[in-house]
Amino acid sequence: MTTNPTLDDLTRRVTADRDRPAFGHDALITCDRLVRVFTADGVEVQALQGLDLLVREGELMALVGASGSGKSTLMNILAGLDVPTAGAARVAGRDLLTMNARDRLAYRREVVGFVWQQTARNLLPYLTSAQNVALPLQLRGAKGAEGAEGEGDAGKGAGKGAGRILGRGSGGGRWGGRAARRARAERVMELLEMLEVADCRDRRPHEMSGGQQQRVAIAVALANDPAVLLADEPTGELDSHTAEQIFAAFRTANERLGTTIVIVTHDQAVANEVRRTVAIRDGRTSTEVLRRSEVDEVTGDEKVVAREYAMLDRAGRLQLPAEYTRALDMRDRVALELESDHIAVRPDDSRTD
Ligand SMILES: Nc1ncnc2c1ncn2[C@@H]1O[C@H](COP(=O)(O)OP(=O)(O)OP(=O)(O)O)[C@@H](O)[C@H]1O
C-alpha cells in the first residue's frame, strides 16, 4: 500500500539524495559496479558483471562462490595484478583503474599483501624463512633510502596504532638507513614469533610443512604492514587441522595488527569462523551471511547467530537465492507488493500455464 508523495516530500528526497555521501566513502575497499570482461578466442567472458563490495577497515571477511563465479578475478584486481574493464575500485585511497605502472608497483609492495593457495608461489625456494620475510623490507628500504616514500598513504593505517608491532611510525627510510639491518632482523623475528614459526627461521621452504610455509607466507605478506591482506584459498592444499591453524594465524594478524583481511575460500569451516561471509554468484555479490554472538537468555551460554542477507544494488536489483525461487517455481516474472515494513515477492499469479 502506497500514498502519493507531496511536492514537499519529493523536494526533501531530492535534497537528501544530493547530500548523501558517495558510495563507499568510509570503506577501506570499495568495488562499485565492477566489470571485467575477458576475450578468449573471440569469445567474451564476463567474469565480473557489476560487482559491488564494501569492506571496512579492520574487517576479517570471507568470499565464497562456485567455481568460475569470479572470485580470483576480483582478488587479482584488488591485488593490483589485473585491471577492471569498467566500474570503480578503490583500496586505501588508491584508485585501481587509474594507477600508472609505478603506482601499481608501489601499491603491490606497500598497500596490499597476498597469500596464494600454492605454497610454492608465496616463498622463494632458495631463501630461508627469515630471508623471505626480510625481502619486502629490503625492497621497501631501498626505495625509502631514495627518499621516495613516507607517511601519508591515503586511508592507510588509520586507527591501527594500538597493539601493533613495529609499525610504520618512523617512515619509509627506516628500512634503508644505517640501523636498517638490525631493525629489519627485529621485525622479521617478531613476525615469525607472532605466527609461531620462529623455529623455522633458518629453513628453506622445502624443509618445512605446508602449514609452516603458509605461516611464513603470511609473515612475508605482513612484512610491510599492508593496509589489506588478500588470501586466495590459503588453506586449499592443507588438511583440515592445519587449515584451522592457518586460519588462527590470520585471526591473530587481524586482532594484533588491525590488518583488514579478505580470504577467498571453499572451506566452509573457515567461512563459518568469520563474522561476515560474502557470496559471489555469476560475477556479482549475491548474498551475505553476518554472524554475531548472543547470550542465550535461558542458559546464559554465548552462541553465534548467523543470518543471511541478499544484496540490493544501487539500481534496486536483488538476486534471490536459487533454492527459494525454485521452491516456489518463480521464474521470469514475479508479483511485488509494498507493505509497511517489507516487500512481498510472490509467484506470477497472471500465469495460465
Ligand atoms: N584470463 C582469462 N581469460 C579468459 N577467461 C577468464 C580468464 N580468467 C578468468 N576467466 C573466466 O572468468 C570466469 C571467472 O573466473 P575466476 O577464476 O575469477 O573464478 P573463480 O570463482 O575464482 O573460480 P575457482 O573457484 O574455480 O578458482 C570464468 O568463467 C573463467 O573461465
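Which residue in β4 is the bridge partner of Ile29? The legends below take up this pairing and other close-ups of a predicted model.

**Figure 1. β1 meets β4 in an antiparallel pairing.** Val91 is the residue of β4 that forms the bridge with Ile29. This pair belongs to a set of five bridges that join β1 to β4, two strands running antiparallel. Val91 also has a partner in β5, namely Arg94.

**Figure 2. The open sheet has four strands in the order β2-β1-β4-β5.** Its pairing is antiparallel. At the edges stand β2 and β5 (94–95), each with a single partner strand, so one side of each has no neighbour in the sheet. If you follow the pairs across, ten bridges join β1 to β2, five join β1 to β4, and two join β4 to β5. In the pairing with β2, Thr39 has Glu44 as its bridge partner.

**Figure 3. A hairpin links β4 and β5.** Two residues lie between these strands, and Ala92 takes a positive phi near 50° in this hairpin. The strands run antiparallel and are joined by two bridges. Arg94 of β5 is the bridge partner of Val91.

Figure 4. α2 is mostly covered, with seven of its eight residues buried. Those buried residues are Lys71, Ser72, Thr73, Leu74, Met75, Ile77 and Leu78. For a feature of the backbone, look just after α2, where Gly80 takes a positive phi of about 80°.

**Figure 5. Twelve named positions can be picked out around the ligand: Phe38, Ala40, Val45, Ala47, Gly65, Ser67, Gly68, Ser69, Gly70, Lys71, Ser72 and Thr73.** Two or more residues of this shell come from each of β1 (29–40), β2 (43–55) and α2 (71–78). α2 gives the largest share, three residues. By residue type, the shell divides into four nonpolar, seven polar and one charged.

**Figure 6. Ile280 sits in strand β9 (residues 276–281).** Is Ile280 buried or exposed? With 22 other C-beta atoms within 10 Å, Ile280 is buried. Leaving aside neighbours within four places in sequence, its contacts are Leu63, Gly65, Ser69, Gly70, Lys71, Thr285 and Ser286. Gly113 makes a handy reference point elsewhere in the chain: its C-alpha atom and that of Ile280 are separated by 22 Å, and the two residues are 167 residues apart along the chain.

**Figure 7. Leu230 belongs to the largest nonpolar core.** This core has 71 residues, and those touching the most other members are Val133, Ile218, Ala219, Val228, Leu230 and Phe250. Not counting residues up to four places away in sequence, Leu230 touches Met75, Leu78, Ala79, Val112, Phe114 and Val262. Met75 and Leu78 are among the buried residues of α2.

**Figure 8. The whole chain gives a setting for the close-ups.** Its secondary structure comes to ten helices and 13 strands. Of its 353 residues, 35% count as buried. Among contacts with a separation of 6 or more, 67% are between residues 24 or more positions apart.

How values were computed. Residues are numbered from 1 along each chain as its sequence is written. This is a predicted model: local features need pLDDT of at least 70, side-chain atom pairs count only at pLDDT 80 or more; totals for chains, interfaces and linings use all residues. A residue is near a molecule or strand if its C-beta atom, placed from the backbone, lies within 6 Å of it. Ala, Val, Leu, Ile, Met, Phe, Trp, Tyr, Cys and Pro count as nonpolar, Asp, Glu, Lys and Arg as charged, and the others, Gly among them, as polar. Two strands pair if DSSP finds at least two bridges between them. A residue is buried if 20 or more other C-beta atoms lie within 10 Å of its own, exposed if 12 or fewer, and partly exposed in between; C-beta atoms are placed from the backbone. Two residues are in contact if their C-beta atoms, placed from the backbone, lie within 7 Å. A nonpolar core is a set of buried Ala, Val, Leu, Ile, Met, Phe, Trp, Tyr and Cys residues joined through C-beta atoms within 7 Å.
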